Amino acid sequence: MTLETSIEYVKGIGPEKAKLIKNVLGISTVEDFLNFYPIRYLDKNKVYKISQLQESNLEIQLKGKITQIQEIQTGKTKRLTAKFNDESGTMDLVWFQYSKWMKEQLPINKEIYIFGKINVFNKQFSMPHPEIEIEENKENDNRLKPIYPSSEKLTKRGLNQKFFQTILRNICKEIPSLIQENLPDYLIKSFKFLSRQHTYLNIHFPQNLEYFERANNRLKFEESFFFQLGYVLKKLHQKSQSFGNPFPIVGDYFTGFYENHLPFELTNAQKRVLKEIRLDMKKPVQMNRLLQGDVGSGKTMVALLTMLIAMDNGFQSCMMAPTEILAQQHYNGIKDLLRETNINVRLLTGSTKASERKIIHAELESGELSILVGTHAVLEDKVKFKNLGLAIIDEQHRFGVAQRAKLWAKNKIPPHILVMTATPIPRTLAMSFYSDLDVSVIDEMPVGRKPIITAHRREKDRVFVYNFCRDEIKKGRQVYFVYPLIEESETLDYKNLMEGLDQVMNSFSEYNVTMLHGRMKPDEKDAAMNYFASGKAEIMVATTVIEVGVNVPNASVMVIESSERFGLSQLHQLRGRVGRGAEQSYCILMTSDKLSTESRTRIKTMTETNDGFKISEVDMQLRGPGDILGTQQSGVVDFKRLDLVNDSAIIKSTKKTVEKILEADPLLSRAENQGIKNYYVRYYKGKNKWSKIS
Ligand code: ADP
Ligand code: MG
């Protein structure tokens with residue numbers, strides 16, 4: 001038997017069952033079977049008494065005798081029941097599929113162990129289809145019994161737990177010749193791991209719970225270790241491979257702007273991040289950098305300064321945003337900041353007029369246009385650059401991998417890539433999945449910002465909430481009211497939005513109210529935005545189209561209606577629309593009276609912290625890592641044992657271990673690391689799914 005042996009040849013399986021197992025469980029080799037882990041274990045050393053049974057018992061073992069057998073005819077079907085006694089009481093055993101053979105097999109008045117699930121009906125316990133073992137034949141084995149993931153389809157065809165246990169027992173006998181060590185002695189010793197052979201034996205048939213834990217921990221470590229090893233190796237490799245245009249110069253565009261037009265002093269975090277970017281772009285290697293910074297931390301300025309460096313080196317830049325509003329706003333902001341320079345900036349979105357498009361296309365190809373801001377319209381094939389040197393993507397999680405890849409192809413030597421995200425990714429995730437990326441973090445807010453005060457209010461408080469808003473408006477501030485708009489129930493939501501608008505207009509009849517939602521035409525959206533941004537309207541009623549990026553520093557109150565319907569990162573984004581000026585800002589989360597536990601956790605988290613990282617951690621616990629990374633990337637979190645939420649300690653320690661090993665032995669050429677290398681080459685090489693962000 002080897003790991004590659006087809007299961008067909010394993011004792012007890014045969015071609016027919018092999019086919020079934022392959023179809024239903026995807027198991028085709030001995031190795032697949034070894035990696036088919038139990039979902040839980042039973043302690044067969046424990047024997048219950050009938051008098052101790054409780055409704056909450058799952059699968060249990062009892063010891064006693066069958067005293068009576070009875071056939072019961074109901075309609076066309078026959079059923080078999082038996083009375084089972086131990087010294088403490090009596091219960092029924094039931095077989096719904098009658099067979100004469102079965103009836104003849106039942107050992108009457110013999111000391112037996114029965115084992116199975118407990119049913120409760122009218123406070124009477126019974127056990128359908130028990131496993132029966134005669135005491136004198138009982139295996140002398142006090143290991144825990146594995147329960148494997150199975151299905152009714154398999155059980156019906158004879159592939160029950162007993163079958164799986166027998167097969168795995170047969171395979172486990174061969175472990176000494178099947179399983180090779182893949183970790184060096186020094187690691188096994190320092191982490192007090194079981195050997196790999198004992199790990200497999202104890203994951204299938206644990207000696208006891210402690211051994212199960214040790215086996216399980218080692219499997220988790222292995223998953224995390226080899227995964228991270230892959231990324232670090234790739235990163236080392238990639239660094240020496242993908243060419244980029246070096247930007248050695250910091251010239252007049254940058255310095256001129258920095259010295260004459262910068263409207264504020266950069267925060268230390270902005271300065272540090274900018275330095276990281278500059279050092280990166282100096283090299284003839286493509287930059288692939290993720291810029292994380294909480295909402296309002298000032299990523300746009302960093303982006304602009306980076307684009308000026310590209311210009312100093314004779315290259316064009318493009319900045320891509322996920323929505324028209326956001327692209328427009330970036331464009332307005334950048335245009336405004338650059339107003340006293342002669343730098344040519346243009347905006348390209350889906351609604352850009354043909355005449356303007358023509359100019360853009362021509363200027364891009366001639367090189368006259370230095371900075372292009374836009375939506376994914378910039379990805380179209382017709383958009384050709386003379387020399388694109390830098391691409392900045394704002395709010396990364398909204399773009400698909402394929403879309404981003406298109407940016408690469410816009411220049412012969414791929415442009416440097418800077419991805420900006422305001423949705424901080426939990427540290428453990430970032431550590432495991434972005435380890436081939438360079439990450440810069442703006443962890444400091446511009447001075448003078450006051451933390452936003454967040455409160456939870458219900459429908460009955462509405463009058464107070466409105467009065468509060470009125471007071472703020474009287475002080476010269478502006479207010480947002482946001483309504484959920486979720487695709488599945490768009491029509492209904494739209495109605496809610498319109499009713500909300502009516503309600504706000506009635507209650508605030510002395511003020512100007514404007515509205516923004518996704519069904520409006522781009523120029524209507526612009527008009528609404530401008531009306532609010534210029535201060536002509538005191539109130540904006542909107543859907544989540546304002547979620548990302550919208551920047552009106554004078555707005556100080558954000559009322560989120562039906563906030564229980566929003567996800568945490570969305571709430572955090574929405575809240576980030578206020579608190580952008582020097583004034584104290586407020587976020588009011590309106591909910592209905594009844595809240596699910598999960599909604600309550602979300603609301604509570606929001607009222608307790610403004611820290612995007614903390615919020616993302618809670619979000620990951622609520623939704624799981626796959627959801628956070630988005631469906632496109634969820635494949636990367638396909639671990640069997642490792643749990644990204646609860647195993648962050650393991651992830652951290654493996655990361656350190658991997659770095660230490662590769663630092664000392666980057667090619668894994670030392671004798672002691674051969675086990676690692678062989679295993680990596682066999683199972684992981686070329687399999688990392690998320691190699692580059694763009
Ligand atoms: P985000 O990181 O969410 O994209 P922005 O770049 O939109 O944040 O910046 C938020 C606001 O903070 C803007 O009004 C911007 O002009 C302002 N800002 C950025 N950096 C600073 C700074 N160093 N000092 C003061 N205000 C700043
Ligand atoms: Mg932004």
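The dialogue below treats a helix pair and then a ligand site.

Guide: This is a predicted model, in which local features need pLDDT of at least 70, side-chain atom pairs count only at pLDDT 80 or more, and totals for chains, interfaces and linings use all residues. Residues are numbered from 1 along each chain as its sequence is written, chains are lettered from A and ligands numbered from 1 in the order written, and side-chain values use heavy atoms, without hydrogens and water.

Visitor: At what angle do the axes of helix α20 and helix α22 cross?

Guide: Two packed helices are described by the angle and the distance between their axes. The axes of α20 (residues 568-575) and α22 (residues 612-623) cross at roughly 155 degrees and come within 9 Å. The helices are therefore roughly antiparallel (over 145 degrees).

Visitor: Which residues of α20 and α22 make the contact?

Guide: Contact means heavy atoms within 4.5 Å. Leu568, Ser569, His572 and Arg575 of α20 meet Gly612, Ile615, Val618, Asp619, Leu622 and Arg623 of α22.

Visitor: Which residues come nearest to ligand 1?

Guide: Of the 16 residues around ligand 1 (a heavy atom within 4 Å), the nearest are Gln270, Gly296, Lys299, Thr300 and Arg449. Polar contacts are pairs of N or O atoms within 3.5 Å. An oxygen atom of ligand 1 lies 2.6 Å from a polar side-chain atom of threonine 300, and one is 2.7 Å from a side-chain N or O atom of lysine 299. For serine 297, a backbone N or O atom is 3.4 Å from a ligand 1 oxygen.

Notes
Axes fitted to C-alpha atoms, helices over the stretch in contact; angles between N-to-C directions. Helix = DSSP H or I, 4+ residues; strand = E, 2+ residues; numbered from the N terminus. Parallel < 35°, antiparallel > 145°, perpendicular 65-115°, else oblique. Polar contact = N/O pair within 3.5 Å; in protein donor to acceptor, adjacent residues only side chain to side chain.
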